[in-house]
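Hi,

Here is the structure I promised to pass on. Have a look at it first, and then read my notes below.

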Amino acid sequence: MADENADTGGMIEDENEGSDDANLELELNAFRAQWMSELKPSSGASGTSHRLLQAKGLKRTQEIAQEEKATELFLRAVQEEQNGAVYEAIKFYRMAMQLVPDIEFKINYSRPPDADRVKGNYIEDNDVDGEIEDLFAYFEQQLTLESSFPKICTPELEITQMHISALPREILMYIFRWVVSSDLDMRALEQLSLVCRGFYICARDPEIWRSACLRVWGRNCTKLVPFKSWREMFLQRPRVRFDGVYISKTSYIRQGEESLDGFYRAWHHVEYYRYLRFFPDGHVIMLTTPEDPLCVVPRLRTRNTRMDSVLLGHFRLSQETDNQTKVFAVVCKKKEEQKATEFQRNRFCRRNPAPEAEHSFHVGLHLSSGGRQNVSKLVWIHHSCHITYKLTGETVVTAFDLDRMYTPFFFARVKSYTAFSEQPL
């Protein structure tokens, strides 16, 4: 009896399991039918939903391919920047960001760049310009995105001493003003900007360039128009340069005296130089001498030169209505040299001493372009001598004719003039 009950219970359990499997199979078939009906395009839509799905899939495929291409370009740019090829890196950075603007947030830096593929497929794309129009804004954006508290620069290697990036920006800007110095050595500032992105940003500080413009033009540069920045004004507006000397060479043939026997007459080839050295504080040095520039130029570094016949004075820039930038200077001899000359003259003419007088020379020049350099040429427009008698106060003016003896000045840069900084900007 017990065996029969056990057999009956087993048969009931088998039937229940078979019914459960059948119900599950029916539910699965119903779900499949409903899912297939949803996937099939309806007759009223005319296959629109199907085409939309295909378009979305194609667009996603294109985005993935574009992102892969941008990733390879960006990683190639990182490699070029690490190798020191900054301009090549900028080119690849720009190509990557034109494909995907936020590629730097999607990229996996642990993946090595496929240099061969990048070089083979994408370098030949000549439609992309390799230069970034606003490098200043680009570098600022890069430093801002790197961290919430960006530093001017970061050390390349681990060091135990304090790095310059630990200094506050105000201290760095003061160092940059020492680099420019009171001699307005903007060339050194441009070279300093090549060190890193942070130095590039500091070297474009508008206050530094504004101070330099004020030193050159004074009250005549209160308005920035038509220039876009103070740096553009300093680089493009005509001005005299302070990191060198203007030299004018004059040569002519002079007839000599006839020999005693009248058989021949000597001819002399005469050469002499005029030098003009401008300073940012408005002072100017003028010298006329037959000595070679190799001997004279090093001695004109400061205004306290002890050379004979040196004329000291002031100059100013003038922007005339004819759109020409002119330089007007008034120079005269040193006071000590004037007194020594008068003493020698009165020593031999004690009965009728010459009246005391002050001699000054007025010079007018206009800036023009010469050779490869812009506005590196000074052309004579006026030269006169003013003699003022101290006893009567009378002034006699003698204007000189500007003939072929007044050759133009050409600028020559002298590195030693800006080798040392005595005062900050």
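One definition before anything else: a crossing is left-handed if the near helix is turned anticlockwise from the far one by less than a right angle, and right-handed if clockwise. Helices (H or I, at least four residues) and strands (E, at least two) are DSSP runs, numbered from the N terminus.

A word on the source: this is a predicted model, where local features need pLDDT of at least 70 and side-chain atom pairs count only at pLDDT 80 or more, while totals for chains, interfaces and linings use all residues. Residues are numbered from 1 along each chain as its sequence is written, and side-chain values use heavy atoms, with hydrogens and water left out.

On to the helix pair. Helix 7 passes helix 10 in a right-handed crossing. Met-173, Phe-176, Arg-177 and Val-180 from helix 7 meet Glu-207, Ile-208 and Ser-211 from helix 10, where contact means heavy atoms within 4.5 Å.

Overall, the chain has 13 helices and nine strands. Of its 425 residues, 33% are buried, meaning under 20% relative accessible area, with exposed over 50% and partly exposed in between (1.4 Å probe, protein chains only).

Now the aromatics. The whole structure holds ten aromatic pairs; rings of Phe, Tyr and Trp (its six-membered ring) pair if their centres lie within 6.5 Å, and planes under 30 degrees apart count as stacked, over 60 as edge-to-face and the rest as tilted. Phe-74 and Tyr-93 are edge-to-face, because their ring centres are 5.1 Å apart and their planes sit at 65°. This pair links helix 2 (residues 48-82) to helix 3, 19 residues apart. Phe-74 is buried at 4% relative accessible area, and Tyr-93 is buried at 9%.

Trp-380 and Tyr-406 are edge-to-face too, with centres 4.9 Å apart and planes at 75°. Trp-380 is in strand 7 (residues 373-389) and Tyr-406 in the loop between strand 8 (395-399) and strand 9 (409-413), so the pair ties together parts 26 residues apart in sequence. Both residues are buried.

Back in helix 3 (residues 86-99) you'll find Ala-96, which counts as buried because its relative accessibility is 0%. Beyond its neighbours within four places in sequence, Ala-96 touches Ala-70, Leu-73, Phe-74 and Ile-103.

Cheers
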